[in-house]
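Trainee: Could we go through this model together? I would like to begin with the backbone and then turn to the ligand.

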Amino acid sequence: MSSLRLSLPLSVPRISLLQSRRYSSCDFSRFFPSCYPGEKLQRGCRRLQSFLEMEQFWIAGSIDKNKALVEHLQQYGKLRSDKVAKIMETIDRALFVKKEYPPYVDSPMPIGYNATISAPHMHALCLELLKDHLQPGMHALDVGSGSGYLTACFALMVGPEGRAVGIEHIPELVAASIENVKRSAAAPLLEKGSLSLHVADGRDGWPEAAPYDAIHVGAAAPEIPKALLDQLKPGGRMVIPVGHYFQDLQVIDKKLDGSITSRNVTGVRYVPLTSRSAQLQNY
Ligand code: SAH
């Protein structure tokens with residue numbers, strides 16, 4: 001396994017590997033635990049194989065690395081629909097990841113202020129779960145919008161006649177996310193106003209553009225905030241991680257009669273949906 005360690009490109013900061021172990025739904029520790037140290041690659045550890053494939057993207061200097069990332073997610077069944085694949089190809093992840101971190105690795109990366117941009121496979125999963133509620137003209141709310149990546153994807157999916165609203169409680173992250181979006185394929189939608197990013201407490205939702213066909217929450221809530229349930233349209237869907245240390249990604253559907261159903265999709269590890277001061281004090 002030492003050969004694996006040596007083969008890591010220098011551009012991968014060791015600190016980020018360690019930091020990303022704290023909060024992630026698929027961090028580097030998930031590549032390693034079952035095959036580290038001393039166990040053989042031949043054991044067929046798919047994650048390790050997948051990691052090595054990603055490494056080739058960096059070394060090969062592929063012209064379209066974002067496309068290669070999307071193909072990688074498709075190959076491993078993380079991305080199933082052409083619709084979501086096309087959106088993730090169109091929004092280049094590198095524009096939303098800080099320069100010092102590798103953007104095309106399937107891992108969360110720090111964006112500052114004790115927050116991370118989620119791993120690509122989690123973006124893919126949430127987009128897949130919400131895609132039918134992100135049709136042209138629909139309204140989408142992204143709570144804990146962080147880097148702005150998913151808000152930009154939502155905006156492209158709902159189009160100029162729809163609304164994509166990102167809410168983030170760290171003003172510096174909102175400012176950075178606006179700059180990220182301006183460099184992306186979603187820039188015209190930001191300019192037109194169908195995409196907007198706001199500084200606010202996401203637990204209160206964003207009543208101005210409610211009700212929402214789709215609500216995504218990018219941070220783990222101890223319980224589902226009532227304001228978000230209230231702002232979900234009948235027929236709409238919310239995807240939200242719920243829990244403290246152990247969290248479940250839940251899909252909440254509001255039926256046309258207003259009744260609510262929920263199901264757990266998978267265990268995850270997100271940063272908490274909390275107050276700004278708690279977050280800045282490192283929870
Ligand atoms: N989907 C984002 C995830 C960012 S991490 C991305 O991929 O970039 C979760 C984000 O939730 C962090 O940026 C954090 O600052 C934000 N957050 C946490 N609690 C919040 C709250 N109460 N209101 C708004 N944003 C919150």
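Trainee: Where is Pro211 placed?

Mentor: Pro211 lies in the loop between β5 (195-199) and β6 (212-217); strands here are DSSP runs of E with at least two residues, numbered from the N terminus. This is a predicted model, in which local features need pLDDT of at least 70, side-chain atom pairs count only at pLDDT 80 or more, and totals for chains, interfaces and linings use all residues. Residues are numbered from 1 along each chain as its sequence is written, and side-chain values use heavy atoms, with hydrogens and water left out.

Trainee: Is the peptide bond from Ala210 to Pro211 cis or trans?

Mentor: That bond, from Ala210 to Pro211, is cis, and its omega is near 0 degrees. Most residues other than glycine have a negative phi, and most peptide bonds are trans.

Trainee: Which residue has a positive phi although it is not a glycine?

Mentor: Tyr113 does, at about 60 degrees. Tyr113 belongs to the loop between β1 (109-112) and β2, in a hairpin with 2 residues between the strands.

Trainee: How many bridges join β1 to β2?

Mentor: The two strands run antiparallel and are joined by 3 bridges; strands pair if DSSP finds at least two bridges between them. Met109 stands opposite Ile117 in β2.

Trainee: And what about β8 and β9?

Mentor: Strand β8 (residues 247-254) pairs with strand β9 (residues 260-268) in the antiparallel sense, over 8 bridges. Ile252 stands opposite Ser262 in β9. The hairpin of β8 and β9 has 5 residues between them, and Gly258 in the turn has a positive phi of about 90 degrees.

Trainee: Turning to the ligand, how many residues surround the ligand?

Mentor: The shell holds 24 residues, and the closest are His123, Ser147, Glu168, Gly202 and Thr274; the criterion is a heavy atom within 4 Å. Strand β2 (residues 115-117) gives the most to this shell, with 3 residues.

Trainee: How much of the ligand's accessible area does the protein cover?

Mentor: The protein covers 99% of the 580 Å² that the ligand has on its own, by the Shrake-Rupley method with a 1.4 Å probe.

Methods:
Helix = DSSP H or I, 4+ residues; strand = E, 2+ residues; numbered from the N terminus.
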